[in-house]
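Have a look at the sequence and the structure first, and then we can walk through them together.

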Amino acid sequence: MILKSGETYEAEPQFLGVYKRSGKMVRDQLPLTRLAKDGIYRPRFRNPSGHIPLDWNEIRAMREFAAEYLNVPVDHFLFILYCFWNPMPQLPSTQAEEAEYDRMIDSFQELGGDMIIFNPLVKARVPTEDPSSYWELAPAGSAAERILARAAQKGIKYGFYIGVAAQMEHGNAAALPFAPDRKDWKRVDSAGAVGRENCLASDAYAQWWFAVQRNTIAKYKLALWAWDPGPGHGFFCYSNQHGHLPGKGGYRGWRNSTAIMRRLKEEFPGLYYQGFYGRKEYGLYGQKYTDQHEFYWEQYFQDVRTLHPDLHADRLNASGVRMQTWWSENFRFLPTVMNHAIAHRMNQLYAHPPELKKLWDYLGWKYAFMSALAVGGSLTAPFMPDSLDAIPGYRAFCGKWLEWARKNFEYVKYGVSFGDQVTVGGVDGHARIKGNHGYIFLCNPNPRPTRTQFKLDDEIGLSAQGRFTLKELYPNEETYYFDEANRRGIYSAGDAVSIVVPTYEVTLLELSPFRDEELPLLFGAGGQFKRTGNTLRVSGVSGEQAATSRLVVATRADDNLKAVTVNGRSVATRREGQYLMGEIRFAGRELPRTLDDWRTPDGKPFSFPFHNAYESVALTTTFIAEPAIQALLDAATPGNAAEIEAIVKKLEDTGWEIPGLVKEKKFPDTFPWARPDRLLLIVPFTDAERVRAVELQLNGADQHVRSYDVTGGLAAPPRKIIYYADLTDAVKWGQANDLTLKISGLTANQFLGPYLDYPPAPKVSQLTTHPGSARQPMVYDRPIQDPAKEPRRGDPVPVIVSAWMDPASVREDQKAIFAATTNLPPEEIQAVYLSSIVGPDCWTDQELQYDPKASQWSLTVRFGERVRIILDCPFSYVWAVAKNGQVSEAQKIPTKWLYSR
């Protein structure tokens, strides 16, 4: 930047970090997306240095620095409704459309909602050159004005998503041609042509840009403001009138954009910023003043989201959200409070049919809700159910856990993501420990119970010494946890804890200091207990029917406690040191769910999830279709089941359309999760796309097998997520049923074990003396996906010898060739990648193709409209990955725009 004579300048603080090596190295494990090919995983946009292992303490030091620098001011929990994904009537003008918004606001208020991010409700008039102008978001007498007034009346704060992805020409994207007559504000290209968009390195423009946004926020009493992509920058400008060197406006633009965000927050204390891609133009430093940031990958089906072996849309979305938060915290060092913690599905958006609100993931929504609480400071719902009363237990569940989140918000700033990176066979952990007390979330994205282990030390953010207990708060309530593997329920700092997390579940544990005065202490069962002489009487205990539970009572070594009763029934116990141990079994017949006993044609067990490859294999098993399951299905029938069927059929038969953008013959979802009254057999694989075919017979009759897919489009082909079949009308109730699975093209370690999908049975309190099941359930004990290939020392390292763009300067809607040469021959290169979000062809990192005639790698890219570019960077990046696993350094290619047409 250029300083005038006598002008002072205050630089930003510098950072010098010191950390002690822990020896624990963390490297990104690439997730499954539609871009996976031949067993090689690739995310939508790669973590640029993810192949370089980071020391765990290095990550912690960087997170401490980031937390201090960003200093996110959010000091309380917020429940946010994000209407970009909510299929509501756009630009409401009729009484019926306005009434839909009224119902949405009323329902959100009933749940305890805090803030709504509206889409634009009118075609807004944009600010003029007059610094007193503003975006006309709710004209007098309009439905928009009445909708905002209703939200305010209900005590709900509100703001607007006002970016390029919705009603682009009326948004606040920095590339829009605001104040067209102010040529002195405009960018100038290297050839001297004046563009239409303004340069934020210009102080005069920056002052106006601040003023019109201040005016808008003040006029409509907005509590939230958002730019998409970002407030702007000073790149691509060769003007000599803006206070920067020609072509060097980046730094001054960043200072001006950051100052605008700061000044708005100073003028409107508590103003909440929803951040988007644009601020990534400046990396971590671009996140200053952002309160919550939308993620590196979105979760919408049409984008290249992360994929997990699951049928339920809410759970798929939740596992993807946690994958992103794990990366954001450990590879970008963002504070937990900034995570975009989304609950419920994002398989729809505002432009889709409003009927989609009637389709609810009845069996997956609790997992999504708890998953969001695990990873964020606030919770964002991308849409609301059409009727709160249609979802059993929804009000009570949301109310309970929103209250918990508000009460325990102070722990968010201690957030640590640990464990696995949301991978098949792994459990990802998210801890919040303040001093000697806190909470630990353990999340299992797998179709089987999964064991994980962690230590009570700095792995979870615990530095205090002493003894501790772990109390399970969810899914079991107020139940102290006894570690069977390590034979203890009272732990010392540094102890390892082993725990099995249930299938597709989030387990929440409370860590508390332990004192001897708390003895005796009951583990393995909730309820209440009272001591009478030498007997401990426990009441109010419940569990799954036919389930066996270990009951443990910790006592002093000299305690003469000898007997335990549970719900009035005596329990046989034995003494092991300070622990009195016994077992209880709940009454009822065991209901089949996980089907673990699969046999090959010769009768031998088929072990999974680790197994050999098969060109073709037939597997059989048997299960008893208990009538109790049929009763659960009948009880779970949605009140609008016929309407659901009609909506699904319509979307499958006629497809969907976003006018002017996209038209598809079929909606990218089959909605099996919207019918909890159907008995589904789910057949999960590590990567369902790598399996050639799945056939199913039930009692000798062929059954229709469907695949739950993510459709193609936006830079990647379609891909199968999971297979399933509806057995409801074919099963023999009350009898044994034979299943035969024929699988073709089964590569190694793909079969994860089918299961029956139906609603959970109510818990029972009656106990029985009958012996429990002798069947040992399958438990995953380690990640199944092979980790990214670790290069060997001495393996050749690829180098981008040269990289360029031809032509070197481009206009909108012009094609350019990106090219590169490497030091290694093409047969040793896995791929050469380009990262450059410059237009419609660049929704992901792109692969360059090798041209043997030119002895170079190249790719032709079409540059799009600048207003639609979501990450407006001055460089594109090219790098190479060798087949041996080595990764090159990235090579910068300058991006130069021409503004003449």
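In strand β38, L756 is the bridge partner of L681. That pairing belongs to a set of three bridges between β32 and β38 (residues 755–757), two strands that run antiparallel. Strands here are DSSP runs of E with at least two residues, helices are runs of H or I with at least four, and both are numbered from the N terminus; two strands pair if DSSP finds at least two bridges between them. This is a predicted model, where local features need pLDDT of at least 70, side-chain atom pairs count only at pLDDT 80 or more, and totals for chains, interfaces and linings use all residues. Residues are numbered from 1 along each chain as its sequence is written, and side-chain values use heavy atoms, leaving out hydrogens and water.

**Strand β32**
- β32 (residues 680–683) is also joined to β36 (residues 719–726), antiparallel, by four bridges.
- Within β36, Y723 stands opposite V683.
- L680 and I682 on one side of β32, and L681 and V683 on the other, are all buried (under 20% relative accessible area with a 1.4 Å probe, protein chains only; exposed is over 50%, partly exposed in between).

**Hairpin of β27 and β28**
- Antiparallel strands β27 (residues 573–576) and β28 (residues 579–586) share four bridges.
- R575 faces L580 of β28 across the pair.
- Two residues lie between the strands, and G577 adopts a positive phi near 60°.

**Helix α9**
- I629, L632 and L633 are the buried residues of α9 (residues 627–635).
- They line one face of the helix, because they fall within an arc of 100° seen down its axis, taken from the directions from the helix axis to the C-beta atoms.
- D634 and A635 are exposed on the other side of α9.
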